[in-house]
Amino acid sequence: MTAPSTFGLSSEARNLHWLLSNLIEEVPGIQSVAVVSSDGLLLLSSDPGRNEEAREARKDKRTGPRGSAADLATIVSGIGSLTVGAARLMDYGGVKHTMVAMDEGSLFVMSISDGSLLGVHGSAECDMSVVAYHMALFVGRAGHVLTPELRTELRRSLEGDAPRSGR
């Protein structure tokens, strides 16, 4: 993973970037990670190259997913919405996490705070219990700092409005 520039970001935003990088580096088999706001917008991604593609696509006013980070954000948001609806229908309380096991990999979705979600796409070789444990650590560390102000800052940094180095 290429570390995104965090120049000009608040200490909380830099900390979240560091936590995300740490999650990727410490857990074997993680292919991509996305933090998604309650309204389905990508806030943070393990795929900064795709973030640039998303910015370019917005300039061209194209619609729909624009790369793996946007694709993962869309999927995480959809699964989150579906499971929240199912939990309401069943009247068993809030959704803590969801896992989709596939032949060639897994998708993990975990609630962070205020409807924000952490989504992890793992390879078939990843240890699901290790991924879930490290996701819970991320959520525990990130949940209390993911304020509306920080979500706005993270969205703007993805859109290219925040000061960035190397541009």
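## Contacts and overall make-up

In this predicted model, 58% of the contacts with a separation of 6 or more are between residues 24 or more positions apart. The protein has 167 residues, and 44% of them count as buried.

Five helices and five strands are present. Read from the N terminus, the elements follow the order α-β-β-α-α-β-β-β-α-α.

## The sheet

The five strands form an open sheet in the order β2-β1-β5-β4-β3, and the pairing is antiparallel. Its edges are β2, residues 42-45, and β3, residues 97-102, each of which pairs on one side only. From one strand to the next the twist averages 15°.

Within the sheet, β1 (residues 30-36) and β5 (residues 117-123) run antiparallel and are joined by six bridges. Ser32 has His121 of β5 opposite to it. Helix α4, residues 128-142, packs on the sheet and touches β1, β3, β4 (105-111) and β5. The direction of α4 makes about 25° with that of β4.

## Ser106 in strand β4

Ser106 is located in strand β4. Its relative accessibility is 4%, and because residues under 20% count as buried, Ser106 falls in that class.

Apart from neighbours within four places in sequence, the residues in contact with Ser106 are Val100, Ala101, Val120, His121, Gly122, Ser123 and Met128. One of these, His121, is also the residue of β5 that stands opposite Ser32.

## Packing of α1 and α5

Helix α1 covers residues 11-26 and helix α5 covers residues 148-159. The two pack at an angle of about 70°, and their axes are 10 Å apart. Because angles of 65 to 115 degrees count as roughly perpendicular, this is how α1 stands to α5. The crossing of α1 past α5 is right-handed.

On the α1 side, the contact is made by Glu12, Ala13, Leu16 and His17. On the α5 side, Leu150, Glu153 and Leu154 take part. By class, the residues of this contact are four nonpolar, one polar and two charged.

Notes: Residues are numbered from 1 along each chain as its sequence is written. This is a predicted model: local features need pLDDT of at least 70, side-chain atom pairs count only at pLDDT 80 or more; totals for chains, interfaces and linings use all residues. Side-chain values use heavy atoms; hydrogens and water are left out. Two strands pair if DSSP finds at least two bridges between them. Helices (H or I, at least four residues) and strands (E, at least two) are DSSP runs, numbered from the N terminus. Axes are lines fitted to C-alpha atoms, for helices over the stretch in contact, and angles run from 0 to 180 degrees between N-to-C directions. Contact means heavy atoms within 4.5 Å. Angles under 35 degrees count as roughly parallel, over 145 as roughly antiparallel, 65 to 115 as roughly perpendicular and the rest as oblique. A crossing is left-handed if the near helix is turned anticlockwise from the far one by less than a right angle, and right-handed if clockwise. Ala, Val, Leu, Ile, Met, Phe, Trp, Tyr, Cys and Pro count as nonpolar, Asp, Glu, Lys and Arg as charged, and the others, Gly among them, as polar. Buried means under 20% relative accessible area, exposed over 50%, partly exposed in between (1.4 Å probe, protein chains only).
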